[in-house]
Amino acid sequence: MSLAVLIPLFPLIGFLINGIGFRRVPKSLVGVIGSAAALASFACALSLFLNFSGQPEVAHIFDWITIGDLNISMSFQIDQLSLLMLLIITGVGSLIHIYSIGYMHHDEGFGKFFAFLNLFLFFMLLLVLGSNYVVMFIGWEGVGLCSYLLIGFWNKNTNYGNAARKAFIMNRIGDLGFLLGIFLIITHFGTVEYADVFSKVVEGGYESGDKTLMAITLLLFVGAMGKSAQIPLYTWLPDAMAGPTPVSALIHAATMVTAGIYMIIRSNVLYSLSPETLEVIGWVGTATALLAASIGLLQNDIKKVLAYSTVSQLGYMFMGLGVMAYSSSFFHVMTHAFFKALLFLGAGSVIHAMSDEQDIRSMGGLRKKLPITFITFLIATIAISGIPPFAGFFSKDEILAHVYEHNKLMWVLALAGSMMTSFYMFRLLFLTFFGEFRGTHEQEHHLHESPIAMTAPLMILAVLSAAGGFFNLPHIFGGHASLATFMEPLFAQSHVEAHAPDEATEKMLMIISVIAALVSAGVAYVIYVSKKAVPDADGTETGLQKVVYNKYYIDELYDTVFVKPITALSNIFSSFVEFLVIDLIVEGIGKLVKGLSGEARLVQNGTTGYYIFAMVISIAVMLIWGLRIFILG
């Protein structure tokens, strides 16, 4: 279990070295130190995975908080879920660190960037390793802090700073719900340790629909809505594109945004006894998947398309959770980590070649100049679109099959979202890599493939995006659903019974899903390759198209309903309450004391005769006063 302690320790050491000495550590060593720390964590995680006995183990580090009967320890838990998350976080995280060596090499904040990346990794590892909700919450808040630092990394740009603040504040809203859920767990169970809480639920004979469990799970889900960007707390994530592209890959693929899904799977005992909460989760996920996918249809910023894609794919994961298909949802977490990291890093390679241009209307024809980036991006596009035999097909179809058995309407909506995903992803691919180049002559002159430090991670992720589905190959294809089998012990206490369709129905659903994806890809090909259509300039959209292009004006709605009234109220407090109440009382007392002391100090004039005279008068007064008391007493 000492390896469990080393896993988060290595990124912390990397942060301390690059963070404290980022102006003194040679630039040539900064990336090596940061990447080596991530790789060392991956090696430890892989060793733990290969030597895992199958039984959960808890490494107690120290007792942290003890109040009465409540004891909160700093301890790590190694089981099937934490091991899989460790491999994803450190594996994909290591590739992103290596990629960053090439992508951020010329940035003046190179050392600071790697320090923040390492710190982000440390807190995410703490989140998934903790054996109780409080340690999870520390990591939860830590990744929130690091996301603020990384999104606003280029802090000289005001808009980037605003995006960082938006992410930080919206996550605090969700985190309040999570914190209240933890308080309710402490109040009701007297402990925050996973094993103890779940044992008390099982042994306590709680029935499905218990109101206390429903309150706890709903509050925890509010936290998940913030971290994993679900309606209504999703608008921070597209704005998180303000950070450097490797940050987008790290946050959107394998780490922060999956924290909500991890928390619900970890708490499956509580959620399986809260069908009302699961229904809420399923429909929130469905609405988020559809809304984000529809917005992605008309976006022209290469990173914004991928951002809304992330929000949409997270919706599918929550759909899976809502129908208790926990292992299927996690399967999509894993495959999504592969192809979404690849898409973002591929977008970074394009932006790098295009001299920081992100508008796909100014691209085109890049497949000849960036062959490795094009091929890997193509693989990721096929994977996320759910086209076999790549990873996204297996994981998404597994969720859709369980959703079909649970609710036919939800399945129809999920299928519609899947079709939109295929369309906007192939639209992005065709506008970026096909046709004629639409950028400037100077951009075309400087087009070149990215260095090996950037293309090597792309190729590794491309292999995982293509073959990742075989980790959980279903029985219908002759597989053994290895991932689901490995995760089964996690759900032993909750008695999960997510219904899967029969083999004939499953085949039918797969065929429908694949045809839908191919038709959408074909429509995108006809529009953007055959007809060579290019989206119009901003502001030329009309009607529904304009509404969708402007993201349904939800940001503007939030600004009108929440931001402006709060700002106006704060201005009132600043102008009147602070001036008339706070300043008047605090400064008034201060000015009164200052004025009186100014007058009193004039008594001290430095004349000895005056002092003797005052002393005689004072003594005479005291004697007279004392004599009066004696006579009258």
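**Questions about a predicted model**

Colleague: Why is Thr288 counted as buried?
Modeller: Thr288 has a relative accessibility of 1%, and buried means under 20% relative accessible area, so Thr288 counts as buried. Do keep in mind that this is a predicted model.

Colleague: Where is Thr288, and what is Thr288 in contact with?
Modeller: Thr288 sits in helix 13, which covers residues 275–296. Setting aside neighbours within four places in sequence, Thr288 is in contact with Ala229, Gln230, Ile231, Val311 and Ser312. Contact here means heavy atoms within 4.5 Å.

Colleague: Ile231 is on that list. What kind of peptide bond joins Ile231 and Pro232?
Modeller: That bond is cis, with omega at about 5°. Pro232 belongs to the loop between helix 8 (211–227) and helix 9 (236–239).

Colleague: What is omega for the cis peptide bond from Pro388 to Pro389, and where is Pro389?
Modeller: Omega is near 5° for that bond. Pro389 is in the loop between helix 16 (371–384) and helix 17 (391–406).

Colleague: Let's turn to helix 15. What makes its reach close to the expected one?
Modeller: Helix 15 has 28 residues. The expected span takes 1.5 Å times one less than the number of residues, and this gives 40 Å. From first C-alpha to last, helix 15 also reaches 40 Å.

Colleague: Where is the kink in helix 15 centred?
Modeller: The kink is centred on His336 and amounts to about 30°.

Colleague: How do you know that helix 15 is mostly covered?
Modeller: By counting: 27 of its 28 residues are buried. Each of those residues has under 20% relative accessible area.

Colleague: Why is Asp356 called exposed?
Modeller: Its relative accessible area is 60%, and exposed means over 50%, so Asp356 is exposed.

Colleague: Why does Tyr552 count as partly exposed?
Modeller: Tyr552 has 29% relative accessibility. Buried needs under 20% and exposed needs over 50%, so Tyr552, falling in between, counts as partly exposed. Tyr552 is in the loop between helix 23 (543–549) and helix 24 (554–600), and has a positive phi of about 60° although it is not a glycine.

How values were computed: Residues numbered from 1 in each chain as written. Predicted model: local features only at pLDDT ≥ 70, side-chain atom pairs only at ≥ 80, totals over all residues. Heavy atoms only, no water. Helix = DSSP H or I, 4+ residues; strand = E, 2+ residues; numbered from the N terminus. Buried < 20%, exposed > 50% of the residue type's maximum accessible area, 1.4 Å probe, protein only. Bend = angle between axes of the 7 residues up to and from the residue.
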